[in-house]
Amino acid sequence: MRREYPWEGRVDLSMSNPIDVQIWSDVQCPWCYIGKRKFEAAVEQFQGAVTVTYRSFELAPDTPVDFEGTPIDYLSQRKGVSPEQAQIMVDRVSGIGESVGLEYHYDRINQTNTVLAHELLHFAKAHGKQVELKERLLRAYFTEGGHIGRADDLADLAAEVGLDKTAVAIAL
């Protein structure tokens, strides 16, 4: 049975005002990166204008900036699962990431606290670079093994998307 929706057939895709989408996520969340890719694919199919604002959601605010151990160690400790179960989790999310064009390299990941990365994303929003920076931080973390918890590393990544490195360093 087909469900009827009251708005069906009445959506004006030629709106003059863009739809503002607020996304709450963390830059060390593999599912958030997958969701970002799926959202972007949906936006490409949409005929109207969309603006995106990234909001901060720190998954693990108690994580140290320099976690001693691997992502498998972290997941095992954090989720209370065996290292083997943590590896299965990593393999599963990596496979799903691959299905949307993402390359996760958990052997390179530097598990860290993301509070400074979130502060930087808000700084980038004020300078019109939040969307670009969000992508850069995710790629650095999941694919390249970049450290996204230290101010100096974050300033380097911010400069790559066109933000002033000195201003970023001062802000952080």
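Where is Phe57 found? Hello everyone, let me start there. Phe57 sits in the loop between β2 and α2. Before I go on, please keep in mind that this is a predicted model.

Phe57 itself has 45% relative accessibility, so it counts as partly exposed.

Which residue does Arg78 meet in a salt bridge? The partner is Asp62, and the N to O distance between the two side chains is 2.8 Å. Arg78 belongs to helix α2, residues 71–79, while Asp62 is in the loop between β2 (50–56) and α2, so this pair ties together parts that are 16 residues apart in sequence. For those of you thinking about solvent, Asp62 is exposed, at 54% relative accessibility. Arg78, at 39%, counts as partly exposed.

Now for helix α2 itself. Its buried residues are Pro71, Ile72, Tyr74, Leu75 and Ser76. And what covers them? The cover includes α3, residues 83–99. Just after α2 comes Gly80, with a positive phi of about 70°, in case you like to check your backbone torsions.

Back to the charges, this time across the whole structure. How many salt bridges does a search of the whole structure find? The count is 11.

Lys165 and Asp156 meet through their side chains, at 2.4 Å from N to O. Lys165 is partly exposed, with a relative accessible area of 42%, and Asp156 is partly exposed too, at 34%.

The other pair is Arg150 with Asp153, where the closest N and O atoms are 3.5 Å apart. The cut-off here is 4 Å, so this pair counts as a salt bridge. Arg150 is partly exposed at 36% relative accessibility, and Asp153 is partly exposed at 26%.

Finally, there is a network to look at. Which residues are linked in a network of salt bridges? They are Lys36, Arg37, Glu40 and Glu135.

To recap, we began in the loop between β2 and α2 with Phe57, followed Asp62 across to Arg78 in α2, and ended with the network that includes Lys36 and Glu135.

Notes. Residues numbered from 1 in each chain as written. Predicted model: local features only at pLDDT ≥ 70, side-chain atom pairs only at ≥ 80, totals over all residues. Heavy atoms only, no water. Helix = DSSP H or I, 4+ residues; strand = E, 2+ residues; numbered from the N terminus. Buried < 20%, exposed > 50% of the residue type's maximum accessible area, 1.4 Å probe, protein only. Contact = heavy atoms within 4.5 Å.
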